[in-house]
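Have the model open as you read.

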Amino acid sequence: MTPGRPVPPPLATPILPDAGTGTLAAAYGAVSPDSGLVPLTVARRAPKPDDVVIAIEFCGLCHSDVHAARGEWGGQAYPLVPGHEIVGTVTRVGSAVTGFAVGERVGVGCIVDSCRECESCLDGLEQYCEEGMTGTYGAIDRRNGDTLTQGGYASSIVVDHRYVVRVPASLDPAAVAPLLCAGITTFSPLRHFDVEEGDVVGVVGLGGLGHMAVKLAKAMGARVVVFTTSESKVPAALELGADEVVLSRDEDAMAAANRTIDVIIDTVAAPHDLNPLFRTLRVDGALFQLGLPSEAMPPVNPSALIRRRIAYAGSLIGGIAETQEMLDFCAEHGVVADIEMVDAGHLNEAYDRMVAGDVKYRFVLDTSTLQAPAKEADA
């Protein structure tokens, strides 16, 4: 994917029979853990006064989509339409909506609702809602009849305006889609640690999250060091803008990195030993864990933390205001994801390739390749 790719025309307006009824949207989703992704038709709710109706143009593919669709996290209800990296065009706004207009390009990330009343929500940290945020797909929508939310592998979606963000016109909308998950997930801890010019940021792993961490840290003025177990990723890391690449299996290279890093963004979702990484941190450094391994991690040695007042922290996506801040920052610095476009008929192949690590660095679904919706909804 190269910046400046011609932008395809927007999708046609979704099927909206009248103001009092909902939408039938074409979609792809899973009907069981082993069904793969198949064509579906989704019933979208009738828009309420606070809602925005969006014709989806692009939706990023996240590894969490694979886990959910294949039932790997357990307890998944079906049918399920994944997708929480949504970019599209507003086709209707509710009577109480003043911040968005028809024809405006917008985005929807991982959150479509929260309690709006707890301390976290009032602080703009909806991702940490004390009642539990409502995810864009596979979640119980408590404000809308306890229906199951269905995501962005679809032609349209209806979302409360509080959970919609503006997509800057200067950015390629397809390459913006992954920013709504991978982008904000890496931006948030960098902002929380107040990364600025002169800081040194370590990035562990060079996948969808890692490549965004490199780009964002560089845009903040940091010196970026990528830690990888794979020598084959060295040229790619440097091409993305990394200043240095350390092969983490090389004991001499790791020893040379001792006390050189201010903050580490760890994006690896497989079990790995953190203790060698802690030794690369300076006093008051921090390691943010973003990858979520499915198996237990090797134990952390508390002395590694105590001796340098090191913080070991986690971070979960970002709030709505911070997501808008991230998009505006990306527009200012020309940052987008490196993507590979995929049509609906190749979604299952893209899933297999994601599992194999065969993508640089994010797949994005072109929703213009979806079939027309059926006359009745599957989900």
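## The chain as a whole

Of the 379 residues in the protein chain, 52% are buried, where buried means under 20% relative accessible area, exposed over 50%, and partly exposed in between (1.4 Å probe, protein chains only). Please keep in mind that this is a predicted model, in which local features need pLDDT of at least 70 and side-chain atom pairs count only at pLDDT 80 or more, while totals for chains, interfaces and linings use all residues. Residues are numbered from 1 along each chain as its sequence is written, and side-chain values use heavy atoms, with hydrogens and water left out.

The secondary structure comes to 11 helices and 19 strands; these are DSSP runs, with helices (H or I) of at least four residues and strands (E) of at least two, numbered from the N terminus. The radius of gyration of the protein chain is 21 Å, close to the 21 Å from the globule rule for 379 residues, so the chain is as compact as a globular protein of that length. That radius is taken over C-alpha atoms, and the globule rule is 2.2 Å times the number of residues to the power 0.38. Along the principal axes, the C-alpha atoms fill a box of roughly 65 × 40 × 40 Å.

## Patches on the surface

Which residues form a negative surface patch? They are Glu117, Glu119, Asp123, Glu130 and Glu131. Patches are made of residues with over 30% relative accessible area and no salt bridge; like charges are joined within 9 Å, and nonpolar side chains (Val, Leu, Ile, Met, Phe, Trp, Tyr) within 5 Å. Asp and Glu count as negative and Lys and Arg as positive, while His and the chain ends are not counted. The place of a charge is taken as NZ of Lys, CZ of Arg, CG of Asp or CD of Glu.

Leu125, Tyr128 and Leu316 make a nonpolar surface patch of about 240 Å². Accessible areas come from the Shrake-Rupley method with a 1.4 Å probe, and for residues only the protein chains shown count as cover. Leu316 belongs to the loop between β17 (311-314) and α10 (320-333), and is partly exposed at 38% relative accessible area.

## Backbone details to look for

Two cis peptide bonds deserve a look. One joins Tyr78 and Pro79, with omega about 0°; Pro79 is in the loop between α1 (63-69) and β4 (86-93). Another joins Lys360 and Tyr361, with omega about -5°, and Tyr361 is placed in the loop between α11 (347-355) and β19 (362-366).

Arg309 has a phi of about 55° and lies in the loop between α9 (302-306) and β17; it is exposed, at 60% relative accessible area. Ile317 has a phi of about 30° and is found in the loop between β17 and α10, yet Ile317 is buried, with a relative accessible area of 7%.

## Charged pairs

How many salt bridges does a search of the whole structure find? The count is 19, a salt bridge being a side-chain nitrogen of Lys or Arg within 4 Å of a carboxyl oxygen of Asp or Glu. One of them pairs Arg105 with Glu57, whose closest N and O atoms are 2.8 Å apart. Arg105 is in strand β5 (residues 105-108) and Glu57 in strand β3 (residues 51-60), so this pair ties together parts 48 residues apart in sequence. Arg105 is partly exposed at 25%, whereas Glu57 is buried at 4%.

Arg143 and Asp113 meet at 2.7 Å, N to O. Arg143 lies in the loop between β8 (140-141) and β9 (147-148) and Asp113 in strand β6, so they tie together parts 30 residues apart in sequence. Asp113 is buried, at 5% relative accessibility. Glu325 and Arg191 form a salt bridge too, at 2.9 Å from N to O. Here Glu325 is in helix α10 and Arg191 in helix α4 (residues 182-192), so the pair links parts 134 residues apart in sequence. Finally, salt bridges with shared partners join Asp50, Asp113, Arg116, Arg143, Asp160 and Arg162 into one network.
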